[in-house]
Amino acid sequence: MVRMGRRAVLFGGLGVLAVAGIAARDEIERAWWLLPGVSKPRKEGELDHAGASWTSASPANWRMADRPDDYRVDRIVVHVTQGSFESSVDAFKNPWHKASAHYIVRQDGHVEQMVRELDIAFHAGNRSMNERSVGIEHEGFVDRPKDFTDEMYAASARLAADVCRRYGIPVDRRHILGHSEVPGADHTDPGSNWDWDRYIRMVGEALAATAA
Ligand SMILES: [Zn+2]
């Protein structure tokens, strides 16, 4: 085995860029965290949405990334937990669960963030959709209309509007979709009791309110 020096390891990590002949200093600086073991600084408890609380999902349930620089974020996927808020938080903390979402919205309007938007949460059951989207869970059961409270719609709409504003995502049903609409999805959430017309209207209103 030939032992590589530090320089060789470094340029191995940047191989794609080196081959492409990209030597501009800013490109190298932009890419330094792509090296193994290096990541952009991130702090435990750091949040993307003002008003959210933070509980970290198990690192087994999401993948570190550097969105929107490495993956464009242009979708929001709406979910329903099929369980209580507490059981969903516990599931995302469990390294064997193999799934997570960026946010869980509780029936009283509380918002918990569990994965940074920089990173890829495993929520859509579709790799490319996970890479391009922010996943929002809602506490409740798809067949219980009363679970979808006014407080939940309002908090989720404010959250979705904030995401749309930060990434320039259009507020429409093409860009804000349900888990059941993800290509290849075998999930039925958020189901027929989720009021899409109301939700999209509220996201639009929340976005207009922050723009004003
Ligand atoms: Zn789902």
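**Exercise 1. Find which residues of helix H7 are buried, and work out how they are arranged.**

Step 1. In H7, the buried residues are Tyr 199, Met 202, Val 203, Ala 206 and Leu 207. Here, buried takes 20 or more other C-beta atoms within 10 Å of a residue's own, exposed takes 12 or fewer, and partly exposed is in between, with C-beta atoms placed from the backbone. Helices (H or I, at least four residues) and strands (E, at least two) are DSSP runs, numbered from the N terminus.

Step 2. Look down the axis of H7: the buried residues fall within an arc of 135 degrees, so they line one face of the helix. That arc is taken from the directions from the helix axis to the C-beta atoms.

Step 3. What do the buried residues of H7 pack against? Their partners are helix H6 (150-167) and strand E8 (176-178).

**Exercise 2. Decide how far to trust the model.**

Step 1. This is a predicted model, where local features need pLDDT of at least 70, side-chain atom pairs count only at pLDDT 80 or more, and totals for chains, interfaces and linings use all residues. Residues are numbered from 1 along each chain as its sequence is written.

Step 2. Check pLDDT, the predictor's confidence in each residue, from 0 to 100. The protein averages 86, and 81% of the residues score at least 70.

Step 3. Where pLDDT is low, the predicted coordinates should not be read in detail.

Terms used: Contact = placed C-beta atoms within 7 Å.
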